[in-house]
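Here is a short report for a first look. Please keep the sequence and the 3D view open as you read.

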Amino acid sequence: VLVIGSPNSSNALRLVEVSERLGTPAKLIQRASEIDFGWLDGVTTLGLTAGASAPEVLVREVVAALAAHRPVREQEITAMVEK
């Protein structure tokens with residue numbers, strides 16, 4: 001799992017923590033330039049999520065960078081609807 005967010009964001013850090021606790025390696029990145037594509041060796045499915053305050057433009061930047069290296073199929077998953 002790649003988590004887009006700031007290292008001082010408790011929300012983004014929590015996303016990394018939850019992923020790792022469930023046995024899935026996770027990396028916190030702030031933008032696409034921080035991706036080490038060696039992390040993805042052997043990875044067949046990659047989860048991408050973002051902290052609450054991460055701008056959509058950064059999410060799109062990361063998706064574009066990933067798409068430049070391998071096929072990308074996006075699927076948005078809603079885990080909970082806030083009221």
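## Starting point: S19

S19 has its place in helix α1. Helices here are DSSP runs of H or I with at least four residues, strands are DSSP runs of E with at least two, and both are numbered from the N terminus. S19 counts as buried because its relative accessibility is 9%; buried means under 20% relative accessible area, exposed over 50%, and partly exposed in between, with a 1.4 Å probe and protein chains only.

What does S19 touch, leaving out residues up to four places away in sequence? Its contacts are V1, T24, P25 and A26. Contact means heavy atoms within 4.5 Å.

## Model and confidence

This is a predicted model: local features need pLDDT of at least 70, side-chain atom pairs count only at pLDDT 80 or more, and totals for chains, interfaces and linings use all residues. Residues are numbered from 1 along each chain as its sequence is written, and side-chain values use heavy atoms, with hydrogens and water left out.

The chain has a mean pLDDT of 93, and 100% of its residues reach 70 or more. pLDDT is the predictor's confidence in each residue, from 0 to 100.

## Helix α1

α1 has 12 residues. From first C-alpha to last it reaches 16 Å, close to the 16 Å expected at 1.5 Å a residue. That expected span is 1.5 Å times one less than the number of residues.

The buried residues of α1 are A12, V16 and S19. Down the helix axis they fall within an arc of 65 degrees, so they line one face of α1. The arc is taken from the directions from the helix axis to the C-beta atoms. These buried residues pack against β1 and β2. The face turned away from them carries the exposed residues S10 and R21. After α1 comes G23, with a positive phi near 90 degrees.

## The sheet and its helices

3 strands form an open sheet in the order β2-β1-β3, with parallel pairing. Two strands pair if DSSP finds at least two bridges between them. The edge strands, β2 (27–29) and β3 (48–50), each pair on one side only. β1 (residues 2–4) and β2 pair over 3 bridges. I4 stands opposite I29 in β2.

Helix α1 (residues 10–21) lies across β1, β2 and β3, at about 155 degrees to β2. Helix α2 (residues 56–67) also touches β1, β2 and β3, and its direction makes about 150 degrees with that of β1. Axes are lines fitted to C-alpha atoms, for helices over the stretch in contact, and angles run from 0 to 180 degrees between N-to-C directions.
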